[in-house]
Number of protein chains: 2
Amino acid sequence: MQNPTAAMLVIGDEILSGRTRDANMHYLAGQLTEAGIDLKEVRVVSDDRDAIIAAVNALCDRYDNVFTSGGIGPTHDDITADCIAAAFDVSIDVRDDARAILEAHYARIGTEINEARLRMARIPAGADLIDNPVSSAPGFTLGNVHVMAGVPSVFKAMVASVLPTLTGGAPLLSQSVRIMRGEGDIAGPLGQLAKANPALSIGSYPFQKDGAFGSQIVIRGHDAAAVNAAMDALKSEFGDAAL
Amino acid sequence: MQNPTAAMLVIGDEILSGRTRDANMHYLAGQLTEAGIDLKEVRVVSDDRDAIIAAVNALCDRYDNVFTSGGIGPTHDDITADCIAAAFDVSIDVRDDARAILEAHYARIGTEINEARLRMARIPAGADLIDNPVSSAPGFTLGNVHVMAGVPSVFKAMVASVLPTLTGGAPLLSQSVRIMRGEGDIAGPLGQLAKANPALSIGSYPFQKDGAFGSQIVIRGHDAAAVNAAMDALKSEFGDAAL
C-alpha cells in the first residue's frame with residue numbers, strides 16, 4: 001500500500017532574500033518521515049498574493065496533505081489566511097472561536113487586543129482551528145491544507161497538534177553505512193543493488209575526510225526485511241571498506 | 001527598471017526525507033540578493049525523472065535564471081543532467097571537453113576513470129560547462145538553467161563561477177531595527193508605512209527575549225534614499241522603543 005503524500009509551502013520574502021535561513025522544512029520532513037507520510041515537494045514563495053494562491057492550488061490538487069509555514073501574524077505582510085480563502089473560494093472574517101482564544105490570551109498577559117491582533121482571528125469559512133500552545137493565535141486546516149506559523153517554535157507546536165489527526169502510513173525506515181571508497185568506485189555495484197530492489201530508495205552522499213574519499217550510503221524503504229537484506233548485500237560487497 | 005528574476009530547484013530525496021538539511025538555498029539567496037537578481041521561488045523535488053522535468057519546464061519559462069542543486073554525481077540516483085536534456089529536448093552524451101577535465105583530474109589524484117565516473121562527463125548538447133575548482137566534475141548551463149552540484153562546497157564554487165557571467169541589477173538594500181513592542185502594537189503604523197512606500201518591502205519578524213516582546217523590522221528596496229527615509233520615519237514613530 002502506498003503511503004499518503006504531502007507537500008510543503010514556505011511563505012516569506014525573508015527566506016528568498018537570504019535574511020533568514022528556513023528551519024521548518026527540515027523539521028517537518030523528519031516528522032512526516034516518522035509518521036509514514038511521504039513529503040514529495042516543497043515550494044518557497046514570497047509574500048505575494050498571486051504566487052501563494054497559485055502554489056496552494058497546484059499543491060492541494062496533487063498531494064494528500066499540504067502544510068504551509070509563515071504569513072499568519074498581525075502585520076500587513078501576513079496575507080496567508082486571505083490567500084487560502086481565495087484559493088478555496090470561501091469567505092474569511094474574524095471568527096468568534098478564534099477571537100475568544102485571542103481575547104483570553106491577551107487578558108492573561110495584560111495586553112490590549114487591537115485591530116491588528118484581531119487580524120489573527122480571521123479564519124476562512126469551514127476551517128478547523130489548529131491549537132497553538134506557544135502564543136495562542138491559532139493556525140487552521142481547510143480541506144487538505146494545514147496553515148501554520150513561520151516562527152519555528154510555534155510551527156513545531158502546530159505540527160504536534162496536527163500530525164495525530166492525520167492518517168499515516170508505514171514509517172520510512174533507513175539504514176546507512178560509510179564506505180571508504182570514492183563514489184565512482186561504488187556507483188557500479190550500487191546501481192545493480194538499486195535495480196534489484198526497485199521498492200527501496202538507495203542514496204549515495206560523498207564526503208572527503210583527512211584526504212580520503214568516502215560515501216555515506218543510505219537505504220530507505222518501508223519493509224524492514226528488504227532494507228536489512230540490501231544493507232547486508234552492500235556490506236559483503238565492500239568488505240573492510242564498509243564501516 | 002526591474003531586476004532580473006531567478007528560481008532555484010533543489011533535487012534530492014535526502015532533503016525531503018529530513019536526512020539532510022539543505023544549505024544551498026540560503027547561500028544562493030544571499031548571493032543573488034547581493035548581485036541584484038531577485039530570487040522569486042524555490043522548489044525541492046525528489047530524484048524522480050517526471051518531477052524534475054516538470055519543475056524545470058515550469059521554472060525556466062517563468063524566470064530569467066534557474067539554478068539547480070544536486071543529482072550530478074556518478075551514481076544511479078544522479079539523473080539531473082539527463083532530465084535537463086529531456087526538458088530542453090536535446091541529446092546528451094559523454095562530451096570530449098568534460099571527459100578531458102575528468103581524465104586530467106583522476107590522473108592527477110591517481111584514480112582510474114571508470115564507467116561510473118564517466119557519467120559525470122555526460123553533458124546535454126549545446127550546454128556551456130561550469131567550472132568546478134573543488135572536485136573537477138563540471139556543472140553546465142543550458143539556456144537559462146544553471147546545473148550545479150549538491151555538495152555545499154562544490155555548489156558554492158560553481159555559484160562563484162556562474163554569477164559573474166550573469167546580468168545583475170541593483171543590489172537589494174536592507175536596513176533593520178529592533179522595536180521592543182509586540183507585533184500587534186507595531187502592525188498599525190507599519191501597515192501605513194508600507195502603503196505609503198509601495199516600492200519597498202517591509203517585513204516584521206517577532207521575537208521574545210527575557211519575557212519581553214519585540215519585533216525585528218526589515219525594510220528592503222533598491223533605492224537607498226527611500227530605504228533611509230522609511231527607516232527614519234519608523235524610528236521617529238517608535239522613539240525609545242526602537243533600538
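Two strands pair if DSSP finds at least two bridges between them. Strands (E, at least two residues) and helices (H or I, at least four) are DSSP runs, numbered from the N terminus.

This is a predicted model: local features need pLDDT of at least 70, side-chain atom pairs count only at pLDDT 80 or more, and totals for chains, interfaces and linings use all residues. Residues are numbered from 1 along each chain as its sequence is written, while chains are lettered from A and ligands numbered from 1 in the order in which they are written.

**Exercise 1. Trace the strand partners of S11(B) (residues 212-221).**

Step 1. Take S9 (residues 173-179) of chain B. Seven bridges join S9(B) to S11(B), and the two run antiparallel. At B:Ile179, the partner in S11(B) is B:Ser215.

Step 2. Take S10 (residues 201-209) of chain B. S10(B) also pairs with S11(B) in the antiparallel sense, over nine bridges. Here B:Ser204 is bridged to B:Ile217.

Step 3. Check the turn. Two residues lie between the strands of the S10(B)–S11(B) hairpin, where B:Asp210 has a positive phi near 50°.

**Exercise 2. Describe how H2(A) (residues 24-35) packs on H7(A) (residues 152-162).**

Step 1. Get the geometry. The angle is about 20° and the axes are 10 Å apart. Axes are lines fitted to C-alpha atoms over the stretch in contact, and angles run from 0 to 180 degrees between N-to-C directions.

Step 2. Classify. The helices are therefore roughly parallel (an angle under 35 degrees).

Step 3. List the contact (C-beta atoms, placed from the backbone, within 7 Å). H2(A) gives A:Asn24, A:Tyr27, A:Leu28 and A:Gln31; H7(A) gives A:Pro152, A:Phe155, A:Lys156 and A:Val159.

Definitions and conventions:
Angles under 35 degrees count as roughly parallel, over 145 as roughly antiparallel, 65 to 115 as roughly perpendicular and the rest as oblique. Two residues are in contact if their C-beta atoms, placed from the backbone, lie within 7 Å.
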